[in-house]
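Subject: Structure handover

Hello,

Here is the structure for you to take over. Please have it open while you read the notes below.

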Amino acid sequence: MLDTPKMHLHDAAKVVKFTDPAFQKLAVVGLGYIGLPTAAVFADAGLNVLGVDVNPAAVDSINAGQPHIVEPNLDRLLQTVVENKNLRASLKAEEADAFIVAVPTPFKDDHVPDLKYIEAAARDIASSLRPGNLVILESTIPVGATEKMAAWLAEERPDLTFPQQVGETSDIRIAHCPERVLPGRILIEVIENDRVVGGMTRRCAERAADLYKMVIRGNCHITEARTAEMAKLTENAFRDVNIAFANELSLICDRMEIDVWDLIKMANLHPRVNILQPGPGVGGHCIAVDPWFIVDSAPDLAKMIHTARTVNDGKPEWVISKVLDAVTECGGKPTIACLGLAFKPNVDDLRESPALAITEKLGKLGAGNVLAVEPHIHELPTELTDANVSLADFDEAIATADIVLLLVDHAQFLKVERSALDGKIIIDTRGAW
Ligand code: SAJ
């Protein structure tokens, strides 16, 4: 279970250890899970922050002091910085001293990264650039994308000089500083974590580090932009490969009639072994996506990274086959309670969620009466209603279910009375019960 963040409203202001008069106004482009907390933390440290987003509903909600995403303590922080006028949201960029771009980088159907949002953001901020400005790209990107952003900016502003043209003497400084925060702990990690700061030149990196030092407690580690790009992808690919190892073990153990969680507990007693946990698959917009950027850059070499993606992406189908075996055992049309839709415990984020995909497929197959329990949402996404899945309350779902499928180990699910599960077929994909 995630720790409850203990952040106080003005923690960010208290950690100011460096103020730089060159940075009075900051524009943050992309107000999602990373951009909005980042903008709020800089605003809380006293900067005049403009948040920019293409979504009018998000802009209106933020200007009313209400986050459009769920993240512990963000609501209180946002309310404070909007009320004290340090943060304002807009559909359009304006002049600023520094710009942070934190827009999504999805991939296309063939797993090729799609930089269209970065290009749009670059072209949007270009008209607001002045000599001396710093532009930081925080989005997770394939290697070389910072240089591409710099090229789009230069194309729009032939009157300014950029690092790729004149090196250290450029009018505009450009750096890549990947975010590394964990959803559910964003307001803590955005301040505590060390940052990898990759500059297109050394001075670019130093200016970017100067900006982050205004709010972070962690250290800034300076490197080249391409190394920073690859570092972020490597961190998530490392985790993906390690989760794939655990997921592969879970299939092997199931066939060999060994309890995989007990096995991992035993193996992890070794001082140099630390196996992660198997689950229904890997979700979220990071670990299930970023390794593909490495595969796309070096398909002939990234064999293990590719295989790990395949193992993790194959796990939902294996879970579905287990449920179908249970349906056959029950006979007729049993009630299947699918517990959890989010991509991991105690968050509301459904992006790339294996739990969602499994529930949808079970509904579509007509395997039974499929109930979804997700305490963090109020309405089912349309793909589930279209698949004849209904949203149910936890107690009601447990009471009526013949098959209980635990997909996400949300705190609420862990508190279930064991006797409530008597006589039901339990498929626990998280090893939580
Ligand atoms: N998972 C398992 N078994 C495990 C651990 C995780 O199946 O033992 C699954 C989760 O259920 C989930 C997925 O993996 O579906 C990813 O969850 P996560 O908690 O490992 O990571 P994210 O996606 O929430 O955040 C990751 C983090 N990266 C690393 O830990 C290397 C975070 O620090 C990054 O900032 C974030 O990606 C990002 O934005 O890239």
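**Strand 7 and its partners**

Gly 198 stands opposite Thr 223 in strand 8. The chain reaches strand 8 from strand 7 by way of helix 9 (residues 202–212), and this β-α-β crossover is right-handed. Right-handed means that, with the strands pointing away from the viewer, the path from the first strand over the helix to the second runs clockwise. Helices (H or I, at least four residues) and strands (E, at least two) are DSSP runs, numbered from the N terminus.

A word on the basis. This is a predicted model, in which local features need pLDDT of at least 70, side-chain atom pairs count only at pLDDT 80 or more, and totals for chains, interfaces and linings use all residues. Residues are numbered from 1 along each chain as its sequence is written, and side-chain values use heavy atoms, with hydrogens and water left out.

Strand 7 (residues 195–199) and strand 8 (residues 220–224) pair in the parallel sense, over five bridges. Two strands pair if DSSP finds at least two bridges between them. Strand 6 (residues 173–176) runs antiparallel to strand 7 and is joined to it by two bridges. There, His 176 has Gly 198 as its bridge partner.

Strand 7 is mostly covered, with five of its five residues buried. Buried means under 20% relative accessible area, exposed over 50%, and partly exposed in between (1.4 Å probe, protein chains only). Arg 195, Val 197 and Gly 199 point one way, while Val 196 and Gly 198 point the other.

**Strand 9**

Five of the five residues of strand 9 (residues 335–339) are buried, so this strand is largely enclosed by the rest of the structure. Thr 335, Ala 337 and Leu 339 point one way, and Ile 336 and Cys 338 the other. Strand 9 pairs with strand 10 (residues 369–373) in the parallel sense over five bridges. Thr 335 has Asn 369 as its bridge partner in strand 10. Between strands 9 and 10 the chain passes through helix 14 (residues 354–365), again in a right-handed β-α-β crossover. Strand 12 (residues 403–406) also runs parallel to strand 9, with four bridges. Here the bridge partner of Ala 337 is Val 404.

**Two pockets**

A pocket is an open set of points on a 1 Å grid over the protein atoms alone, where a 1.4 Å probe fits, with protein on both sides within 12 Å along at least five of seven lines; lining residues have an atom within 4 Å of a point. The largest pocket has a volume of about 1,100 Å³. Its lining has 37 residues, and Leu 182, Arg 239, Ile 243, Lys 344 and Pro 345 lie nearest the centre. Helix 10 (residues 225–255) gives the most to this lining, with five residues.

The second largest pocket has a volume of about 850 Å³. A volume is the space filled by probe spheres set on the points, which are joined across faces, edges and corners. Gly 30, Gly 32, Ala 102, Val 103 and Pro 104 lie nearest the centre of the second largest pocket, out of 37 lining residues. Helix 5 gives the most to the lining of this pocket, with four residues.

Asn 55 lies in the loop between strand 2 (48–52) and helix 3 (56–63). Asn 55 is partly exposed, at 34% relative accessible area.

Best wishes
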